[in-house]
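Hello,

Here is the structure I promised to pass on to you. Please open it first, and then read my notes below.

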Amino acid sequence: MLKLKILELLKLYFGEIIMNKAIYPGSFDPITFGHIDIILRASKIFDYIVIGIAKDNSKTNFLFTETERKFFIENSLSEIENIEVKIFDGLLTDFVKKENSNIIIRGLRVLSDFEYEFRMALMNRKLDDEITTMFMMPNEKYTHISSSLIKEVVSLGGRVDDYVPPQILLELNNKLNEK
Ligand code: PNS
């Protein structure tokens, strides 16, 4: 917390990008150990990470509200000092600029991620050439999981305790069983 305050104060004085600050965007519906693994790795490389949760919109059917998703992330990562969780609306590149950053972090798990990530990174670069997307690989224990797969398995009564924190597991069961 102290490190965070010092960085914010420096930013106030100098009013420019003085930090090696990266944005880790996603739906996080809900956050998994795969996401957490990427955040832990990134928090050791960058001074400061802003986790950007995409706001609910009419096109996407999220299981959890943006406030719930934010709460889960904050709870799961309360030990890490140099991160902050924010909800964003609209274009990711606008959010990255607003945050005075020029780095987007995305996780790459399997080859099938590549095409989607490649298109998104190039479109974001077209939208703002100063922003660079950097890819990180999670621990191999998590390369086959996604939030969607976890929701599917829970809804069918399967076990996913190796992939999400216990509190989220409870919430997943509550939500998916009440449906
Ligand atoms: O976890 P996800 O669902 O793969 O994250 C996708 C996300 C939220 C990063 C992407 O949909 C996004 O950036 N949305 C914001 C709107 C936007 O900028 N769209 C154009 C992307 S090229």
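**The pocket and its lining**

Helix 5 gives the largest share of the lining of the largest pocket, seven residues. Helices (H or I, at least four residues) and strands (E, at least two) are DSSP runs, numbered from the N terminus. A pocket comes from a 1 Å grid over the protein atoms alone: it is an open set of points with protein on both sides within 12 Å along at least five of seven lines, while a cavity is a set of points where a 1.4 Å probe fits but cannot get out, and lining residues have an atom within 4 Å of a point.

Before you go further, note that this is a predicted model, in which local features need pLDDT of at least 70 and side-chain atom pairs count only at pLDDT 80 or more, while totals for chains, interfaces and linings use all residues. Residues are numbered from 1 along each chain as its sequence is written, and side-chain values use heavy atoms, with hydrogens and water left out.

The largest pocket holds about 1100 Å³ of space; a volume here is the space filled by probe spheres set on the points, which are joined across faces, edges and corners. Its lining has 39 residues, and G26, S27, R106, Y116 and M120 lie nearest the centre. Two or more lining residues come from each of strand 1 (21–26), helix 2 (33–45), strand 4 (103–107), helix 5 and helix 6 (147–155). By class, the lining has 17 nonpolar, 13 polar and nine charged residues. In this count Ala, Val, Leu, Ile, Met, Phe, Trp, Tyr, Cys and Pro are nonpolar, Asp, Glu, Lys and Arg are charged, and the others, Gly among them, are polar.

**The ligand**

Where is the ligand? It takes up the space of the largest pocket, and a molecule sits in a pocket or cavity if more than half of its atoms lie within 2 Å of the grid points. Around the ligand are G26, S27, A54, F88, G90, L91, L92, R106, Y116, M120, M123 and N124, where a residue is near if one of its heavy atoms lies within 4 Å. Helix 5 (residues 111–127) supplies the largest share of this shell, four residues.

The protein covers 71% of the 550 Å² of accessible area that the ligand has on its own, by the Shrake-Rupley method with a 1.4 Å probe.

**The cavity**

How many cavities of 30 Å³ or more does a search of the whole structure find? There is one, and the largest cavity has a volume of about 50 Å³. Its lining is P25, L92, I104, R106, E117, M120, A121, N124, T133 and F135. Here too helix 5 gives the largest share, four residues.

**One loop to look at**

The loop between strand 1 and helix 2 contains F28 and P30. F28 has a positive phi of about 50 degrees although it is not a glycine. A cis peptide bond, with omega about 0 degrees, joins D29 and P30.

Happy exploring!
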